[in-house]
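The sequence and structure are shown first.

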Amino acid sequence: MDNITIISNQLSRMRQMNRYYHQQFLFDVRFLFLISIALLIFPVEQTFFIIPFVSLFGAVLLSFHAHYLIFSRNFSQYLEKEINKLTNKKILIAHELENTYFFPIQDKKIVVAGFGKSFSWFGFVTLFITLYGVGYFIYGVVNINFEDSVIYTVLLITLSAVTLLTGFWWFVLGVGEDRLKAIYEK
């Protein structure tokens, strides 16, 4: 097998991964939205204790999908550039279109929401879903009587802090993408 065939096969696999995680992300967004609405329509006192954990779980799950999307976009870009180098032609430009239309994969961003000129509809939707989850979390928290359970309160505060700090570390500080760059730049 020649290099272009091998790289093309890897690119195909990455594009399939990208498609799968987009589909899974959209399914999970809809499913979490329905759960959030159901918990609001049929409130009982215990519902408010569940809401923050549903919100945290949703944030982690959707970020998990986003981290695979970021990985597949990075790897797809690398593979397309390699094919272009091997052919000495600019025949693959999907990564350029994605960087322009969605968000530049190498720029600093909040998960997949770029800043400044990089901001796009894709970024708006990401922030909208994120703010919906944050608002839902806050709605649950303000309706809880924390005096009912010290263990619950400690668990919620701890899990919230760990989730926020880990997400900040991985996405906002760019630790995950820096790991990819270290390999690409070898």
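## Overall layout

The model is predicted. Its secondary structure comes to six helices and two strands. Read from the N terminus, the order of elements is α-α-α-β-β-α-α-α. Taken along the principal axes, the C-alpha atoms fill a box of roughly 65 × 35 × 30 Å.

## Helix H2

Helix H2 covers residues 47-87, 41 residues in total. The distance from its first C-alpha to its last is 59 Å, close to the 60 Å expected at 1.5 Å a residue. After H2 comes Asn 88, which has a positive phi, near 60°.

## Packing of H1 and H4

Two packed helices are described by the angle between their axes and the distance between the axes. Helix H1 (residues 3-41) packs with helix H4 (residues 121-142) at an angle of about 30°, and their axes are 12 Å apart. Angles under 35 degrees count as roughly parallel, and H1 and H4 are therefore roughly parallel to each other. The crossing of H1 past H4 is left-handed.

On the H1 side, the contact is formed by His 22, Phe 25, Val 29, Phe 33, Ile 35, Ser 36, Ile 37, Leu 39 and Leu 40. On the H4 side, Phe 122, Ile 129, Tyr 132, Tyr 136 and Tyr 139 take part. By class, these residues divide into 12 nonpolar, two polar and no charged.

## Packing of H2 and H3

The axes of H2 and H3 come within 8 Å and cross at roughly 140°. H2 and H3 are therefore oblique to each other. H2 contributes Arg 73, Gln 77, Glu 80, Lys 81 and Asn 84 to the contact, while H3 contributes Ala 94, His 95, Glu 98 and Asn 99. The contact of H2 with H3 has one nonpolar, four polar and four charged residues.

## Salt bridges

Side chains of opposite charge can pair when their charged atoms come close. The structure holds six salt bridges. One of these joins the side chains of Glu 98 and Arg 15, with an N to O distance of 2.5 Å. This pair links distant parts of the chain, since Glu 98 lies in helix H3 (residues 94-101) and Arg 15 in helix H1, 83 residues apart. Glu 98 is also among the H3 residues in the contact with H2.

Key: Residues are numbered from 1 along each chain as its sequence is written. This is a predicted model: local features need pLDDT of at least 70, side-chain atom pairs count only at pLDDT 80 or more; totals for chains, interfaces and linings use all residues. Side-chain values use heavy atoms; hydrogens and water are left out. Axes are lines fitted to C-alpha atoms, for helices over the stretch in contact, and angles run from 0 to 180 degrees between N-to-C directions. Helices (H or I, at least four residues) and strands (E, at least two) are DSSP runs, numbered from the N terminus. Angles under 35 degrees count as roughly parallel, over 145 as roughly antiparallel, 65 to 115 as roughly perpendicular and the rest as oblique. A crossing is left-handed if the near helix is turned anticlockwise from the far one by less than a right angle, and right-handed if clockwise. Contact means heavy atoms within 4.5 Å. Ala, Val, Leu, Ile, Met, Phe, Trp, Tyr, Cys and Pro count as nonpolar, Asp, Glu, Lys and Arg as charged, and the others, Gly among them, as polar. The expected span of a helix is 1.5 Å times one less than its number of residues. A salt bridge is a side-chain nitrogen of Lys or Arg within 4 Å of a carboxyl oxygen of Asp or Glu.
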